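Please look through the sequence and the 3D structure below before reading on. The report that follows describes one chain and then the contact between two chains.

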2 protein chains.
Amino acid sequence: MAYHHGRLRESLIDAAVTAIEQEGLARLSLRDLARRVGVSHAAPAHHFGDREGLLTAIAADGFERLASVLEEAGDDFLEVGVAYVRFATSERGRFEVMFRPDLHRRDDPGLTAAMDRAGDVLRSGAAAEPGDDRTNGLAAWSLVHGLATLWNAGAISIDEGTEVEVVARAVAGVLFGRTAGATGGASPADPVR
Amino acid sequence: MAYHHGRLRESLIDAAVTAIEQEGLARLSLRDLARRVGVSHAAPAHHFGDREGLLTAIAADGFERLASVLEEAGDDFLEVGVAYVRFATSERGRFEVMFRPDLHRRDDPGLTAAMDRAGDVLRSGAAAEPGDDRTNGLAAWSLVHGLATLWNAGAISIDEGTEVEVVARAVAGVLFGRTAGATGGASPADPVR
DNA sequence: CGCTGATCTTGTCAATGGCAAGATCAGCCC
DNA sequence: GGGCTGATCTTGCCATTGACAAGATCAGCG
């Protein structure tokens, strides 16, 4: 391998996300990441400083990605919520780091900027809802965030093979079906056993 | 100090919970716990085997406590939800460990029993709600769990000094106010800024 | 060619988790 | 009383880890 890796920073973030999804965030080791990528054990320090720096970078990158995903979901509040859950479960490694402030350098400008951007997108989505007091927005955010978290933790017992998206749509419908009138009724088939 | 500590197991759990709330789960160290309690660095191993064993014990204990708290909250679905949030935020150290299965020994009988008990209490609370399909129950659980998680992560920006309980009541009312007819309207004062 | 800064490596140290072996103690039976 | 037994805790040790320091390699540029 060449002396210069070339894309070490991105490779390390990718490797970290993969490692978290495989082994769990608890077992994440900088030296293991370096081995996975094929560099020396001290190489990560150059790009991230220390462990906290790496996790801060992962979180910042994650919030940027989340913001983009939510923007692409459009204006429909329910679709934004479904996209939120889809992101949290398909990018579990990133998501788990994002909401663990004890792992971050809170004053990192890249992180705060990314969080602000994601927060703005989330709030603009909430503004599209009728009767848009902040309480409704927080309720919606809590609902999808809680569902995603519980799903990732394996705390929800559901028929094997059920897709998150179906569950998310049904659960979100309980909240939005009454306030936004999107689907206009109870859940169609009750996917939660 | 006496050779035998006497209540080492409970003391270690208490110390761990305190340490997590002070320093964060990431910085939890068995040796630091031993120092806090005043025993040698190998003493915890006797009671918990390893780090995973300690965290499993904390989680099991946490689910037992959660079940008790929810039982005491009565039959009102909204009150159970508020109690859930109150527990999660006042016992943050325990709560953070409880929903991190990557830190547990999932086959531990004490843990599975405690989880089952808490799950039963949660489901019995959901059964009290009219139109009690499982989707509504999952929505309610997701809502309070998400609110608690976001609150603990410091992700919710709210006026300084606002109490979680007030927010929880308002947010939960968005869901229950329409389905269970408990409060019967929008939040009274909109505590979320 | 030689300078400069960025990138990566090697070497080292303190702290940690885990294991092994032994010391201390409480309870119990004779 | 005396000794056995198991539970509890300690000391000693090792591999791994995160962090730091110093040096090696490389690309770009004058």
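The accessible surface of chain A comes to about 9000 Å², with carbon and sulfur atoms holding 49% of that area (accessible areas come from the Shrake-Rupley method with a 1.4 Å probe; for residues, only the protein chains shown count as cover). This is a predicted model, in which local features need pLDDT of at least 70 and side-chain atom pairs count only at pLDDT 80 or more, while totals for chains, interfaces and linings use all residues. Residues are numbered from 1 along each chain as its sequence is written, chains are lettered from A and ligands numbered from 1 in the order in which they are written, and side-chain values use heavy atoms, with hydrogens and water left out.

Chain A has 9 helices and 0 strands, where helices (H or I, at least four residues) and strands (E, at least two) are DSSP runs numbered from the N terminus. Of its 193 residues, 50% count as buried, that is, under 20% relative accessible area with a 1.4 Å probe, protein chains only.

Turning to the interface, 39 residues of chain B are in contact with 39 residues of chain A, contact being heavy atoms within 4.5 Å. The area buried between the two chains is about 3400 Å², meaning the accessible area (1.4 Å probe) that two parts lose on being put together, summed over both.

The residues on the side of chain B that touches chain A divide as follows:

| Class | Residues of chain B |
|---|---|
| Nonpolar (Ala, Val, Leu, Ile, Met, Phe, Trp, Tyr, Cys, Pro) | 21 residues |
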